[in-house]
Amino acid sequence: MARNGSDDALRRSTTRVDAVEGLLAYAATRRARAALREVSRAVAMSRELVAERPEHTPLLVRALLMLARLHLGRDRPGDALPAAQEAVALARREGGAPLALSLTALASAYEGLQRYGEAAEASAEASRVTELG
């Protein structure tokens, strides 16, 4: 019986992952305001998934990156900064391309805020991560 319960939990988790993936894909086709709404929902759902199953952290990183990029595209680096910072913090655990992409978004947010020293540091770290990968 315990196995059934964990199978059900796994199925629910998989369904929710699919829902987040769908929201992210749908948001990519929408205009900025609608995309922000969908990506914000995806971030919230991803946070819930990660709270239950930490292996879904890469999905949260992707959602946060998309949120940061949308804000940057709307020339709102102050709104992009927290999402980019969180994406970097989460992506550090795995490294690789997700970390490099997160650092690049962070550098863009810093640059938009005219924090050029921090932008240069994040950009340089992204280059080092890319070279190592």
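Colleague: Where do R30, R31, R33 and R37 gather?
Modeller: They come together on the surface, in a patch of positive charge. Bear in mind that this is a predicted model.

Colleague: And which helix is R37 in?
Modeller: R37 sits in helix α2, which covers residues 32-52.

Colleague: How exposed is R37 there, as a relative accessible area?
Modeller: R37 has a relative accessible area of 48%, so it counts as partly exposed.

Colleague: OK, stepping back. How many helices and strands does the chain have?
Modeller: There are six helices and zero strands. Going along the sequence, the pattern reads α-α-α-α-α-α.

Colleague: What share of the residues is buried?
Modeller: The chain has 133 residues, and 39% of them count as buried.

Colleague: What about the largest nonpolar core, how many residues are in that?
Modeller: That core has 41 residues. L24, V39, V43, L64 and L106 are the ones with the most contacts inside it.

Colleague: Which elements give two or more residues to this core?
Modeller: Those are α1 (2-27), α2, α3 (57-73), α4 (77-91), α5 (96-112) and α6 (116-132).

Colleague: Which one gives the most?
Modeller: α3 does, with nine residues in this core.

Colleague: Switching to charges. How many salt bridges does the structure hold?
Modeller: Eight salt bridges. One of them is in α2, between the side chains of R41 and E38, with N to O at 3.2 Å.

Colleague: How far apart are R41 and E38 in the helix?
Modeller: They are three residues apart in α2, so about one helical turn separates them.

Colleague: What does R53 pair with?
Modeller: R53 meets E55 in a salt bridge, side chain to side chain, with 2.6 Å from N to O. R53 is partly exposed with a relative accessible area of 26%, and E55 is also partly exposed, with 47% relative accessibility.

Colleague: Backbone next. What is phi of D75?
Modeller: D75 has phi near 60 degrees, which is a positive value, and this residue is not a glycine.

Colleague: Now Q114, what is its phi?
Modeller: Q114 has a phi of about 60 degrees, positive even though the residue is not a glycine.

Colleague: In which loop is Q114 found?
Modeller: Q114 is in the loop between α5 and α6.

Colleague: Buried or exposed there?
Modeller: Q114 is exposed, with a relative accessibility of 60%. The cut-off for exposed is over 50%, so Q114 falls on the exposed side.

Technical notes. Residues numbered from 1 in each chain as written. Predicted model: local features only at pLDDT ≥ 70, side-chain atom pairs only at ≥ 80, totals over all residues. Heavy atoms only, no water. Patch = residues over 30% accessible without salt bridge, like charges linked within 9 Å, V, L, I, M, F, W, Y side chains within 5 Å. Areas by Shrake-Rupley, 256 points an atom, 1.4 Å probe, with all protein chains shown as cover. Salt bridge = Lys/Arg side-chain N within 4 Å of Asp/Glu carboxyl O. Lys, Arg positive; Asp, Glu negative; His and termini not counted. Charge placed at Lys NZ, Arg CZ, Asp CG, Glu CD. Helix = DSSP H or I, 4+ residues; strand = E, 2+ residues; numbered from the N terminus. Buried < 20%, exposed > 50% of the residue type's maximum accessible area, 1.4 Å probe, protein only. Core = buried A, V, L, I, M, F, W, Y, C linked by side-chain atoms within 4.5 Å.
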